[in-house]
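Thank you all for making time this morning.

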Amino acid sequence: MGRIASSTVTLAVPDPDSQRIGPGAATLNAIDALAQHYEKVIPFENGGSCGDSAVSLMGKKHILLLHVGGDSKRVPWANPMGKVFLPLPYLAADDPDGPVPLLFDHMLAIASCTRQAFKTEGGIFTMTGDVLPCFDASTLILPPDASNVITVPITLDIAVNHGVIVASKTEFLEESYTVSLVDNLLQKPSVEELVKNQAILDNGRALLDTGIIAVRGNAWVELVKLACSCQQLISELLNSEKEASY
């Protein structure tokens, strides 16, 4: 459809052996698969995908990673096509004779606007395939050489059904943004758990884990190094039938 440039490398990387390994391990596996792809088309000096040459090449790339697996329990008829390819006719009136936009198309449009936030550094921008985040991505600011999770303040009735980030009380103030370290990640916590883990903000809300994670600069290089040595971890997960989150 011409929405992805011909110069863009596009890979679909399933979990090994059709067994779920969790989003964290799946992220490492996908990055490793991309490194192996580059090793085939651009042979590295050391002949392998886990050496300095591979890390140097990957460290300069700008990667969009979409987690699009998982069953659709709310919309079961979407399972054959995948949730990310659901028709979402938002803005369809702009081109009434064109194809109906998919969730995937909207996510590409949003992600493309984040490129400016990486500036001259390489990095990866990770999104989940069943959520359409509506925000002006062109204004996104990412601290250099860091891994960042994007959160949204939400009411507690919504927080108890989603992932919640517990941010450190210590904030780092920069010229145009404020960031906090992540103390904890809660999955579908009760209100009591939110209180116990000090996840409730002063305004009575909690920070929703949007599933959007951006890794930039040296932090991205370190993530590539980790991914290039992840196959033993993945083998252990497969043998134990366990999953690894973020």
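I will take confidence, then the cysteines, then the charged pairs.

Please keep in mind that this is a predicted model, with a mean pLDDT of 86 for the protein and 93% of its residues at 70 or more. Confidence is lowest in helix α2, residues 52–58, where the mean is 81, and it is highest in helix α6, residues 191–196, where it reaches 96.

Turning to the cysteines, a search of the whole structure finds zero disulfides. For Cys113, the closest cysteine sulfur belongs to Cys134 and lies 12 Å away, so it is too far for a bond; Cys113 itself counts as partly exposed, at 35% relative accessibility. Cys230, by contrast, is buried at 2% relative accessibility, and its sulfur is 7.9 Å from the closest one, in Cys228, which is again too far for a bond.

How many salt bridges does the model hold? The count comes to two. In one of them, the side chains of Glu121 and Arg216 meet at 2.4 Å, N to O. This pair links distant parts of the chain, 95 residues apart, since Glu121 sits in the loop between α4 and β2 while Arg216 belongs to strand β6, and both residues are buried.

Lys225 and Glu222 also meet in a salt bridge, at 3.4 Å, N to O, and both lie in helix α7, three residues apart, or about one turn of the helix. Lys225 is partly exposed, with a relative accessible area of 43%, and Glu222 is likewise partly exposed, at 48%.

How values were computed. Residues are numbered from 1 along each chain as its sequence is written. This is a predicted model: local features need pLDDT of at least 70, side-chain atom pairs count only at pLDDT 80 or more; totals for chains, interfaces and linings use all residues. Side-chain values use heavy atoms; hydrogens and water are left out. pLDDT is the predictor's confidence in each residue, from 0 to 100. Helices (H or I, at least four residues) and strands (E, at least two) are DSSP runs, numbered from the N terminus. A disulfide is a pair of cysteine sulfur atoms within 2.5 Å. Buried means under 20% relative accessible area, exposed over 50%, partly exposed in between (1.4 Å probe, protein chains only). A salt bridge is a side-chain nitrogen of Lys or Arg within 4 Å of a carboxyl oxygen of Asp or Glu.
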